[in-house]
Amino acid sequence: MPKPESWRLNAASYPVHLDLQTRFQDMDINGHLNNVAFAALFESGRVLLNREVRPLGERPANERTMVAAVEINYLAEGNFPDPVKIATGIGRLGTSSWTIVQAMFQNGRAIATCDTVVVCRTDGQAKPLRAEMVAELEEKLAKAV
């Protein structure tokens with residue numbers, strides 16, 4: 001995976017931030033945050049963004065979203081007990097999907113980035129995103145600052 005663009009390493013580029021405490025159980029045998037911990041921490045950031053875009057109870061009953069792909073770029077080691085900041089935004093909007101872009105920061109430096117493709121299915125099929133959903137997602141676009 002190529003090195004992320006410089007704007008991806010700036011927390012101010014993302015509209016949603018979540019501070020999380022790392023846990024002892026997140027460590028690997030070398031005393032660093034393990035890859036599963038990175039994935040779980042990024043997941044918490046994605047869930048927060050999704051809840052801000054559209055609360056689950058307000059979504060149409062026939063509309064479902066699902067993760068289609070997750071790509072994590074590990075930039076540096078993470079450590080316990082230092083907390084992390086998960087910065088999250090929308091990177092790309094497609095016809096029936098979008099990409100959530102994230103970065104994880106610890107002690108002021110980026111230690112990982114994550115790109116997640118989310119697909120929206122309506123009545124069990126991929127259909128174009130509703131205009132209302134597109135507008136809500138556009139409000140959370142990540143941008144270089």
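From the N terminus, the elements of the protein chain follow the order β-α-β-β-β-β-β-α, which amounts to two helices and six strands. Helices (H or I, at least four residues) and strands (E, at least two) are DSSP runs, numbered from the N terminus. This is a predicted model, in which local features need pLDDT of at least 70 and side-chain atom pairs count only at pLDDT 80 or more, while totals for chains, interfaces and linings use all residues. Residues are numbered from 1 along each chain as its sequence is written, and side-chain values use heavy atoms, leaving out hydrogens and water.

**Overall dimensions and burial**

- The C-alpha trace of the protein chain spans about 45 × 30 × 25 Å along its principal axes.
- Of the 145 residues in the protein chain, 40% are buried (under 20% relative accessible area, 1.4 Å probe, protein chains only).
- Among contacts (heavy atoms within 4.5 Å) with a separation of 6 or more, 73% join residues 24 or more positions apart.

**Thr22**

- Thr22 sits in the loop between strand 1 (16-20) and helix 1 (35-53).
- Its relative accessibility is 2%, so Thr22 counts as buried.
- The side chain of Thr22 reaches the backbone oxygen of Asp82 at 2.9 Å, a polar contact (a pair of N or O atoms within 3.5 Å; within protein, one must be able to donate a hydrogen and the other to accept it, and residues adjacent in sequence count only if both atoms are side-chain atoms).
- Leaving aside residues up to four places away in sequence, Thr22 touches Leu33, Asn79, Phe80, Pro81, Asp82, Pro83, Val84 and Gln106.

Technical notes:
Buried means under 20% relative accessible area, exposed over 50%, partly exposed in between (1.4 Å probe, protein chains only).
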